[in-house]
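Thanks for coming, everyone. Please take a look at the structure on the screen, and then I'll walk you through some of its contacts.

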Amino acid sequence: MPSIRVFENTAELHQAFAHKSIRLLRIGEKKVCLARHGQAFFAFEHLCPHQMHPLSEAQITAFGEVVCPLHAYRFHLQTGSEANQKCRDLKTFEVEIRQEGVFINLY
């Protein structure tokens, strides 16, 4: 699947996200979470790999981890790796900020 533009520019992106916030985006038939941690943005699958709980309800730690509210599984925002290796890693997607807008690579 190609890169999909999700915001027209970085100003829209920054207005839509507070620090340590997560939003659910629907891109065609696919749902993806987009999160902000500091000045960086991360995209990842919307359901926890452990028991499929929506990660749009999760919290982001100061260490850059998304924490599932159901059983507190912790996934690194950048790599998707689960902190305690109790389940498979979270699928992550590249976020690209370009002149033409903000894109998510769904590959």
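Let's start with a definition: buried means under 20% relative accessible area, exposed means over 50%, and partly exposed is in between, with a 1.4 Å probe and protein chains only. One word on the source. This is a predicted model, where local features need pLDDT of at least 70, side-chain atom pairs count only at pLDDT 80 or more, and totals for chains, interfaces and linings use all residues. Residues are numbered from 1 along each chain as its sequence is written, and side-chain values use heavy atoms, leaving out hydrogens and water.

Salt bridges come next. By that I mean a side-chain nitrogen of Lys or Arg within 4 Å of a carboxyl oxygen of Asp or Glu. How many salt bridges does a search of the whole structure find? It finds 5.

Take Glu96 and Arg98. They form a salt bridge, with the closest N and O atoms 3.3 Å apart. Arg98 has a relative accessible area of 32%, so it is partly exposed. Glu96 is also at 23% relative accessibility, so it counts as partly exposed. Through shared partners, salt bridges join Glu96, Arg98 and Glu100 into one network.

Now Arg88. Its salt bridge is with Glu45, and the closest N and O atoms are 2.9 Å apart. This pair links distant parts of the chain, 43 residues apart. Arg88 sits in the loop between β7 (74-76) and β8 (92-98), while Glu45 is in strand β4 (residues 40-45). Strands here are DSSP runs of E, at least two residues, and helices are runs of H or I, at least four, numbered from the N terminus. Is Glu45 buried or exposed? Glu45 is buried, because its relative accessibility is 12%. Arg88 is partly exposed, at 37%.

Another pair is Arg74 and Glu65. Their side chains meet in a salt bridge, 3.0 Å from N to O. Arg74 is partly exposed at 31%, and Glu65 is buried at 13%.

Back to the loop between β7 and β8, where Asp89 lies. Asp89 is partly exposed, at 41% relative accessibility. What does it touch? Leaving aside neighbours within four places in sequence, Asp89 is in contact (heavy atoms within 4.5 Å) with Glu45, Pro49, Gly80, Ser81 and Glu82. The Asp89 side chain also reaches the backbone nitrogen of Glu82 at 3.1 Å.

On to the inside. A nonpolar core is a set of buried Ala, Val, Leu, Ile, Met, Phe, Trp, Tyr and Cys residues joined through side-chain atoms within 4.5 Å. The largest one has 16 residues. Ile22, Phe44, Leu55, Val66, Phe75 and Leu77 have the most contacts inside it. Strands β3 (30-37) and β4 each supply at least two residues of this core. Another core, of 13 residues, lies apart from it, and among its members are Phe7, Leu25, Ile27 and Phe93. Beyond four places in sequence, its contacts include Ile22, Cys33, Phe44 and Leu90.

Last stop, Ser21. Its place is in strand β2 (residues 21-27). Ser21 counts as buried because its relative accessibility is 17%. Beyond four places in sequence, Ser21 touches Leu34, Ala35, Arg36 and Ile60.

Technical notes
Polar contact = N/O pair within 3.5 Å; in protein donor to acceptor, adjacent residues only side chain to side chain.
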